Amino acid sequence: MMSATARWVHRRLLDHYGHPTWESNYAPVHELIGTILSQHTSDVNSERAFRALMTAFTSWEAVRDAPVDQLTETIRRGGLAVVKAQRIQAVLRMLTNSDGRVELPDLRRMRRKRAVDLLTSLPGVGRKTAACVLLFGSHVAALPVDTHVHRVSRRLGLVPALTSPEATANALEAALDPRQYYAFHVNLIRLGREICQAQRPRCEVCPLSERCSTARPSQVKLNDRAGRAENTAESRRSRS
Ligand code: SF4
């Protein structure tokens, strides 16, 4: 049932938004560091921090070896700069090979589980960040579950209300064809930003309302309260 509904959601979002253009301009290490910078901040701020990082340093080795205060100052606009600077340098040190170069093994040549295990063994890298690196950086099938995908999936009833982001990722990946992951991810985030917003879902214009388990206004209000409580708890955890 969940698979059928997930596939219906995918088709309906394709009808509504179209097939998203593939946007993946970064190498895996860039994607990894960029996703760490995006934790707990807006896209605008994380992109500013990433651009500042790329302007200030000419290599990942230079980022790794920089005084941490300099790196913190460089990425300050991304928020949580002290934590992120330490985390980025720790990750880059762990990815340093015997020649002293920062190198992420080719994830496309690994079994997917091994690639996920490798990425999630890095400091501050959780399932969502690993999925971003796989999907956007390496073109390996993975479905990142950010706060929008998580919230909308629960509201739709694709997963039970208290399902964790990790369990939501497992359920969605099992329900969909891997070739559908990218479009589903991008379109569900768009729906979450534009229509199924955290505080005030606009069910009256939602293309998914006919099969949404919380579409009725009275239920949406209840769901909002539950969603806010969950979002607050969620925001305390690492986004990754
Ligand atoms: S019907 Fe309402 S609660 Fe359901 S997905 Fe659409 S906007 Fe969100």
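**View 1. Helix H1 passes helix H11 in a left-handed crossing.** The model shown is predicted. On the H1 side, the contact is formed by His10, Leu13, Leu14 and Tyr17. H11 contributes Ala183, Phe184, Asn187, Leu188, Arg190 and Leu191. Sorted by class, the residues of this contact of H1 with H11 are seven nonpolar, two polar and one charged.

**View 2. Axes of H1 and H11.** Two packed helices are described by the angle between their axes and the distance between the axes. The axes of H1 (residues 2-17) and H11 (residues 181-194) cross at roughly 65° and come within 10 Å. H1 is therefore roughly perpendicular to H11, as angles of 65 to 115 degrees count as roughly perpendicular.

**View 3. His10 in helix H1.** His10 has 20 other C-beta atoms within 10 Å and is therefore buried, the criterion being 20 or more. Leaving aside residues up to four places away in sequence, His10 touches Leu176, Gln180, Ala183 and Phe184. Ala183 and Phe184 are also listed among the H11 residues of the contact with H1. Between the C-alpha atoms of His10 and Asn187 the separation is 8.2 Å, although the two residues lie 177 residues apart along the chain.

**View 4. The shell of 15 residues around the ligand.** Cys196, Pro201, Cys203, Cys206 and Cys212 come nearest to the ligand. Helix H9 (residues 147-156) supplies the largest share of the shell, three residues. Divided by class, the shell holds 11 nonpolar residues, two polar and two charged.

Terms used. Residues numbered from 1 in each chain as written. Predicted model: local features only at pLDDT ≥ 70, side-chain atom pairs only at ≥ 80, totals over all residues. Axes fitted to C-alpha atoms, helices over the stretch in contact; angles between N-to-C directions. Helix = DSSP H or I, 4+ residues; strand = E, 2+ residues; numbered from the N terminus. Parallel < 35°, antiparallel > 145°, perpendicular 65-115°, else oblique. Left-handed = near helix turned anticlockwise from the far one by under 90°. Contact = placed C-beta atoms within 7 Å. Nonpolar A, V, L, I, M, F, W, Y, C, P; charged D, E, K, R; others polar. Near = placed C-beta within 6 Å. Buried ≥ 20, exposed ≤ 12 C-beta atoms within 10 Å, placed from the backbone.
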